[in-house]
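Thanks for making time this morning.

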Amino acid sequence: FPVTIPRRKLLIALSEQLLKPRYGNSYFGNVIWTEACNSSGKLFVVSDSGFREEAERLVSSAGPTNCLLIRLHREGHTFEGDSRSYIDIDKVATKDIHNNLTPHDLTMRVLYAIIKRWPEIEGQLLKEPNWIK
């Protein structure tokens, strides 16, 4: 009989049972930083990190003043039963957003937080609105 494993559970198992024990807890932070360094982009949004070591790897490489930590909160959703939790890193600006919003409104709220942190990039972000969908 075929066994079906939900994708998220499979990824968590690969992370916790194979990748992190073999390559260390900052493995995904290393992968993300390598991808960022090989990219021509100047602004990077990491959409999912609930592990301090991953985020610390990015912060130590980019520098705390070049980082903004956005924590999403949504009623009825917690980290209960999850190996992740909310991250707080010294010297990194943090914005908590309560996500009872539409995807579009959430995107705009995140963009607003980015622009508020780095006002000088507002014109650059808004020059090419086609990527905001």
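Let me begin with a question: is Arg 52 buried, partly exposed or exposed? Arg 52 has a relative accessible area of 36% and is therefore partly exposed, where buried means under 20% relative accessible area, exposed means over 50% and partly exposed lies in between, with a 1.4 Å probe and protein chains only.

Before going further, please keep in mind that this is a predicted model, in which local features need pLDDT of at least 70 and side-chain atom pairs count only at pLDDT 80 or more, while totals for chains, interfaces and linings use all residues. Residues are numbered from 1 along each chain as its sequence is written, and side-chain values use heavy atoms, with hydrogens and water left out.

As for confidence, the mean pLDDT of the protein is 84, and 92% of its residues reach 70 or more, pLDDT being the predictor's confidence in each residue, from 0 to 100. Among the elements, the lowest mean pLDDT, 69, belongs to helix 5 (residues 122-127), and the highest, 92, to strand 2 (residues 93-98); helices (H or I, at least four residues) and strands (E, at least two) are DSSP runs numbered from the N terminus.

Now to the charged pairs. The whole structure holds four salt bridges, each defined as a side-chain nitrogen of Lys or Arg within 4 Å of a carboxyl oxygen of Asp or Glu. One of them joins Arg 52 to Glu 56, at 2.7 Å from N to O, and because these two are four residues apart in helix 3, about one helical turn separates them. Glu 56, with 31% relative accessible area, is partly exposed.

Lys 20 has two partners to consider. With Glu 16 its closest N and O atoms are 3.4 Å apart, and with Glu 54 they are 3.7 Å apart. The second pair links distant parts of the chain, since Lys 20 is in helix 1 and Glu 54 in helix 3 (residues 52-62), 34 residues apart. Both Lys 20 and Glu 54 are buried, whereas Glu 16, at 32% relative accessibility, counts as partly exposed.

Finally, the surface. A nonpolar patch there is formed by Val 3, Ile 5, Leu 10, Leu 11, Leu 14 and Leu 18, with about 550 Å² of accessible area together. Of these residues, Leu 14 is found in helix 1 (residues 7-23), and at 37% relative accessibility Leu 14 counts as partly exposed. Patches take residues with over 30% relative accessible area and no salt bridge, joining like charges within 9 Å and nonpolar side chains (Val, Leu, Ile, Met, Phe, Trp, Tyr) within 5 Å; accessible areas come from the Shrake-Rupley method with a 1.4 Å probe, and for residues only the protein chains shown count as cover.
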